[in-house]
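Have the sequence and the 3D view open side by side.

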Amino acid sequence: MCVFALVTIGLTVLFSASSSAKGGSVLYLNKQLTFLVVSVGLGWVFACCDLEQLRKLVWGIGGLAVFVLLLVLIPHIGIKVNGSRRWLGYGQVRVQVSEFAKVAMVFVLSHYLAINQNKLHDFWRGFMAPYTVIGVFVILTTVEPDLGAAFLLVSIGVILLFLAGSKLKFLAPTVLLTLAGFILLVANNPNRMHRITAFLDVEANRNVYSYQPWQAMLAFSDGGINGVGLGNGRQQNAFLPEANTDYIFAILGEEMGLTFTLLVVGLFSTIFVAGLMHVRCAPNLFQFLLSTGCVLLITLQAIINFCVVTSLMPSKGIPLPFISAGGSNLVLMGILVGIIINTARTWEHPPLLKRRRAFSEITAWADFWLPVVAPVDTSRPESP
């Protein structure tokens, strides 16, 4: 229900946010609907497949993802846009390969940690090997460059290592070294460094490096509580770049107001909380880590996008799941939701346990409501 509501809001806002984009609103809406059909189809496939049978292909899936990440770096094969080589495709059809590398990394890492569950105390087998898996995906996405995807992959990889039982004495120094590496990458790139310094003082840099965050803040302030109405916003009229992709949340805030922005935040929060409650029923470590990774891929992307658009973080190219224009991310979300639905469908409790839980819930409700419905008469003494 949350995903259906987010997709509905996304299609509505996308039609308005794409009014000044090349090709117009109808073109972007048709493309999004086409990818939505593909997303639903793949989601249905992953919801119905046997995850344990699919697990046998895990190394092939990981190898294919690495091969495609390498392929996109080759000139005249990978498509370069705005200085980044992230896409494969032909004509108007393009696929951002780093999106599908995310689920591949989660799949490979979950399998490896599950089969080496008893060796996680060992430095080489329990830490260096899985961190090498993370490093391969992170390095290849960084070279594109796509620091937003790389940051997301590192975050989810470290969380999965921690949940699987990896030692904190291994994790803590490596996290610090990884952060130091990201800082060096930012410091040696003038454009990224300007983004950081502009983030520290958005208003002073509003005409150059903080132009997008500043316009997004204006959109939220114009929207107020109830918004200016669908189609009545001004920011999508060439004022706010990437209005229909990375900064579509600002268009939502301007046209639909604080009410709908909080609704979107609440929907993602519900997915996160429901996901945490759901993964406790996992039958084994592999499916626990896989489903947790899927929930994190959805919710962490949303959190980063919220923070970027509201100027709580420096600008990163992270779309808002289910809402931003972009076929690759929408298809990825369909796969992730399909896997979560698959686990919800197959993680069934034993019948006796289900009956016991149902009976305990009934007796609990009876104990609560019976004194209210039929209060005890205390005027008469109790019979012996």
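Which residue forms a salt bridge with R234? The partner is D222, and the closest N and O atoms of the two are 3.0 Å apart. A salt bridge here is a side-chain nitrogen of Lys or Arg within 4 Å of a carboxyl oxygen of Asp or Glu. This pair links distant parts of the chain, with R234 in the loop between helix 10 and helix 11 and D222 in helix 10, 12 residues apart. R234 is exposed, with a relative accessible area of 52%, whereas D222 is partly exposed at 31%. Buried means under 20% relative accessible area, exposed over 50%, and partly exposed in between, with a 1.4 Å probe and protein chains only.

A word on how to read these values: this is a predicted model, in which local features need pLDDT of at least 70 and side-chain atom pairs count only at pLDDT 80 or more, while totals for chains, interfaces and linings use all residues. Residues are numbered from 1 along each chain as its sequence is written, and side-chain values use heavy atoms, with hydrogens and water left out.

Now step back to the whole chain. You will find 14 helices and 3 strands; helices (H or I, at least four residues) and strands (E, at least two) are DSSP runs, numbered from the N terminus. Of the 384 residues in the chain, 45% are buried.

The strands form an open sheet of 3 in the order 1-2-3, with antiparallel pairing. Two strands pair if DSSP finds at least two bridges between them. At the edges are strand 1 (79-81) and strand 3 (93-96), each pairing on one side only. Strand 2 (residues 84-90) is joined to strand 3 by 4 bridges, and Y90 has V93 in strand 3 as its bridge partner.

D146 lies in the loop between helix 6 (123-143) and helix 7 and R86 in strand 2, so the pair ties together parts that are 60 residues apart in sequence. Both ends are buried: D146 has 3% relative accessibility and R86 has 16%.

K102 and E99 both lie in helix 5 (residues 97-115), 3 residues apart, about one turn of the helix, and their closest N and O atoms are 3.1 Å apart. K102 counts as buried at 2% relative accessibility, and E99 counts as buried at 3%.

I159, F162, L163 and L168 make a nonpolar patch of about 360 Å². Such patches are made of residues with over 30% relative accessible area and no salt bridge, where like charges are joined within 9 Å and nonpolar side chains (Val, Leu, Ile, Met, Phe, Trp, Tyr) within 5 Å. Areas come from the Shrake-Rupley method with a 1.4 Å probe, and for residues only the protein chains shown count as cover. Helix 7 (residues 147-164) gives the largest share of the patch, 3 residues.

Our last stop is T245, in the loop between helix 10 (211-223) and helix 11 (248-279). T245 counts as buried at 16% relative accessibility. Leaving aside its neighbours within four places in sequence, T245 is in contact (heavy atoms within 4.5 Å) with S324 and A325.
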